[in-house]
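Student: I'm new to reading protein models. Could you show me how to go about it?

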Amino acid sequence: MLTITIKQGKEKSILAGDPLIYLSAIDKVEGKPSARNKPGATAIVQSSSRQFLARAAYNAKSQIAARVWTLREDEPVDHAMIKRRVQAAVDLRADAMRAADPEALFLLVDGDKDGLSGLLVHSYGGEAGYLVCRFNAAGVEHWKVPVVQALIKATGCANVAEGCDPLMRKGEGLPLKPGTLAGDEAPKRLMVREGGRLLPMDIRTGFVYPR
């Protein structure tokens, strides 16, 4: 297990609920080199007086060096936690999703708001359509398989595509690889409603085709 020690005074933002820990706030990182060099590895975050602050996903390749998973010392970061948070996010927006235009991209999982920092998931076309996931941080990238499993179970949608935000993934030191994570491949061109208009779009990249 990695241990991140925060500089004196920098723990205030963490305790106030800010999930992002920048490199400039960190005094030192202790642990095996293999863990320190593994993007998304779980770390214990402690104050300068060695008091527990949080569990977080560590990424030595990013200026956002850690993203908080939990402030609870008794809450492990594991498959069960990931699945609970995905289910809670879907449950929170279930009524709105049912009422949404199936031709629009509906935001189903919203990163920090759902305790899944760096993860954005949009739904298109309901259960028979597609989910588009953007893993914009090493922490959620590390838990990609349980995230996808939980999404399929929570929504009933079997087709999961991976979108790609090049700037975000490059900033995290992650490869650029949009594609298919489960089920059928999403067509490269679908009609998506935005602002009252139907636009031909690749829902994985957000590219809008010229008409």
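**Reading the model, feature by feature**

Tutor: Let's start with Arg193, which is partly exposed, with a relative accessible area of 29%. On this scale, buried is under 20%, exposed is over 50%, and partly exposed is in between, using a 1.4 Å probe and protein chains only. This is a predicted model, so local features need pLDDT of at least 70 and side-chain atom pairs 80 or more, while totals for chains, interfaces and linings use all residues. Residues are numbered from 1 along each chain as its sequence is written, and side-chain values use heavy atoms, leaving out hydrogens and water.

Student: Which side chain does Arg193 meet in a salt bridge?

Tutor: Side chains of opposite charge can pair when their charged atoms come close. Here Arg193 meets Glu103, with N and O 3.1 Å apart (the cut-off is a Lys or Arg side-chain nitrogen within 4 Å of an Asp or Glu carboxyl oxygen). Arg193 sits in strand S12 and Glu103 in the loop between H3 and S7, so this pair ties together parts 90 residues apart in sequence. Helices (H or I, at least four residues) and strands (E, at least two) are DSSP runs, numbered from the N terminus. Glu103 is also partly exposed, at 29%.

Student: How many salt bridges does the whole structure have?

Tutor: The search finds 15. One of them joins Glu172 to Arg67, with the closest N and O atoms 3.5 Å apart. Glu172 is in the loop between helix H6 and S11, while Arg67 is in strand S6, so they link parts 105 residues apart in sequence.

Student: Are Glu172 and Arg67 buried or exposed?

Tutor: Both are buried.

Student: In what order do the strands of the open sheet come?

Tutor: Strands of a sheet pair through backbone hydrogen bonds, either parallel or antiparallel. Here five strands run S7-S8-S9-S10-S11, with mixed pairing; DSSP must find at least two bridges between two strands for them to pair. S7 and S11 are at the edges, each with a single partner strand, so one side of each has no neighbour in the sheet. From one strand to the next, the twist averages 30 degrees.

Student: Which strands does helix H3 touch?

Tutor: H3 packs on the sheet against S7 and S8, and its direction makes about 165 degrees with that of S7. Contact means heavy atoms within 4.5 Å, and angles run from 0 to 180 degrees between N-to-C directions of lines fitted to C-alpha atoms, for helices over the stretch in contact.
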